[in-house]
Amino acid sequence: MTDGTELIQMDLGADHQDIRDGVQKVCADFPLEYWQEKDEAAEYPTEFVNAMTEAGYLGALIPEEYGGAGLPIRAGSVILEEIHASGCSAAACHAQMYIMGTVLRHGSEEQKRKYLPGIADGSIRLQAFGVSEPTSGTDTTQLKTRAVRQGDHYVINGQKIWTSRAKQSDLMLLLCRTTPLDEVEKRTDGLSTILVDMREAVGNGMEIQGIPTMINHNTNSVFFDDLKVPVENLIGEEGKGFRYILDGMNAERVLVASESLGDGRWFTEKAVAYANEREVFGAPIGANQGIQFPIARHYASLKAAELMVRQAAAMFDAGQPCGAEANMAKMLASEAAWELGDACMQTYGGFAFAKEYHIERKWREARLYKIAPISTNLILAFVAQHVLGMPRSY
Ligand SMILES: Cc1cc2nc3c(=O)[nH]c(=O)nc-3n(C[C@H](O)[C@H](O)[C@H](O)COP(=O)(O)OP(=O)(O)OC[C@H]3O[C@@H](n4cnc5c(N)ncnc54)[C@H](O)[C@@H]3O)c2cc1C
């Protein structure tokens with residue numbers, strides 16, 4: 001806290017116009033109709049993911065010594081924002097940027113050499129993040145999936161839910177319990193992160209079942225039945241996985257918030273263009289303040305959210321604790337994008353419902369980020385308790 005008299009300096013981060021231009025160029029080959037077709041067929045956008053990988057954007061955060069571009073998270077943020085502002089969706093590939101961070105920060109040198117270059121050049125996909133479970137929900141420390149060490153293997157049993165991209169990923173970063181809850185001092189202890197090679201696992205103790213959802217997100221239930229995974233696939237120290245995951249979550253929040261910034265820009269652009277061009281009662285509908293004001297108000301919120309995203313990214317890149325900023329950035333950006341989506345729907349009137357305008361699809365997609373990867377209530381609880389010092393509600 002400051003008394004307001006100190007000079008506060010904040011790095012707003014580079015704008016990376018070159019990266020924005022490059023991303024827009026790739027996105028131009030994937031028009032809205034491409035995404036509509038994928039949505040209707042519930043298909044993974046393989047061509048888009050390949051194009052992004054080939055252009056080097058999905059390996060942007062991997063250090064150069066492991067084959068990536070070695071860019072800071074601010075650059076990752078710009079890449080994802082621009083993908084969404086172009087009307088495309090990074091949901092099919094964004095996880096790679098933050099999951100690989102767990103391997104990078106906590107993996108052994110051998111693991112980094114084994115996996116990161118392949119992730120950077122696209123020959124290995126690390127897109128699946130197995131945290132959520134059906135019974136424990138957001139209360140992650142209560143998760144039930146167990147890994148029991150037997151010689152040089154872990155034997156894994158349990159179930160994950162909402163594991164997105166599991167069918168399209170080669171590797172999954174799995175969070176599971178290695179020490180039972182009643183044998184640990186703190187409930188956050190005894191959880192471990194294990195890399196599961198799904199190319200070997202499926203059919204040998206792992207089963208993946210797709211979950212039909214209101215958006216095209218390729219998400220699944222994953223069942224583990226005596227799946228054997230070599231002990232060498234453990235990331236970092238056994239029992240410390242929860243801490244590793246929390247590290248990665250700050251990156252995840254910043255990156256997902258950036259996608260919401262892009263969505264917000266897209267909705268704003270569409271709403272303004274339509275408000276200016278559609279004439280009813282002999283004048284453009286945009287001349288009515290009832291149409292203008294919601295767009296202007298939520299655009300202002302979006303710009304404020306952008307500042308929070310920039311601050312969180314700057315703190316992350318400076319190695320400072322940024323849990324509060326990353327969470328607030330994600331909450332504010334997802335809410336601003338959602339409100340702009342609603343304003344865009346209202347501006348389009350009945351035409352918002354016609355699939356050919358793509359508003360309804362983008363609106364459905366923008367809703368997710370108020371719930372995943374963490375819901376608004378849990379962010380508010382975090383801010384209330386950890387930032388403002390109010391009592392714990394759970
Ligand atoms: C399309 C999609 C893709 C996803 N992809 C992944 C993925 O790849 N990997 C993965 O691990 N997970 C994934 N998730 C899961 C996602 O992270 C969770 O759905 C999300 O964190 C919310 O958890 P939950 O659904 O268990 O809700 P719950 O924890 O059951 O909560 C339900 C509601 O209750 C509220 N609530 C709960 N506790 C409190 C409290 N103490 N105070 C106030 N309110 C409370 C929550 O805010 C929420 O609104 C995905 C989800 C979706 C829908």
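In this predicted model, domain 1 and domain 3 share an interface in which 25 residues of domain 1 are in contact with 23 residues of domain 3. The C-alpha centres of these two domains lie 21 Å apart. On the domain 1 side, α2 (32–41), α4 and α5 (95–106) each supply at least two residues, and α4 brings the largest share, with 10 residues. By class, that side of domain 1 divides into 10 nonpolar, 10 polar and five charged residues.

Here is how the chain is divided, in case you want to follow along in the structure:

| Domain | Residues |
|---|---|
| domain 1 | 17–125 |
| domain 2 | 128–240 |
| domain 3 | 243–387 |

Helix α4 (residues 73–85) also packs with helix α1 (residues 17–27): their axes come within 9 Å and cross at roughly 35°, and the crossing is right-handed. Which residues meet there? From α1 come Ile-19, Arg-20, Val-23, Gln-24 and Cys-27, and they meet Ala-75, Val-78, Ile-79, Glu-82 and Ile-83 in α4. This contact has seven nonpolar, one polar and two charged residues.

Now to the ligand. It is surrounded by 23 residues, and the closest are Val-131, Gly-137, Thr-138, Trp-162 and Asn-377. Domain 2 and domain 3 each provide at least three residues of the shell around the ligand.

Definitions and conventions
Residues are numbered from 1 along each chain as its sequence is written. This is a predicted model: local features need pLDDT of at least 70, side-chain atom pairs count only at pLDDT 80 or more; totals for chains, interfaces and linings use all residues. A residue is near a molecule or strand if its C-beta atom, placed from the backbone, lies within 6 Å of it. Domain bounds come from an automatic or database domain assignment. Axes are lines fitted to C-alpha atoms, for helices over the stretch in contact, and angles run from 0 to 180 degrees between N-to-C directions. Helices (H or I, at least four residues) and strands (E, at least two) are DSSP runs, numbered from the N terminus. A crossing is left-handed if the near helix is turned anticlockwise from the far one by less than a right angle, and right-handed if clockwise. Two residues are in contact if their C-beta atoms, placed from the backbone, lie within 7 Å. Ala, Val, Leu, Ile, Met, Phe, Trp, Tyr, Cys and Pro count as nonpolar, Asp, Glu, Lys and Arg as charged, and the others, Gly among them, as polar.
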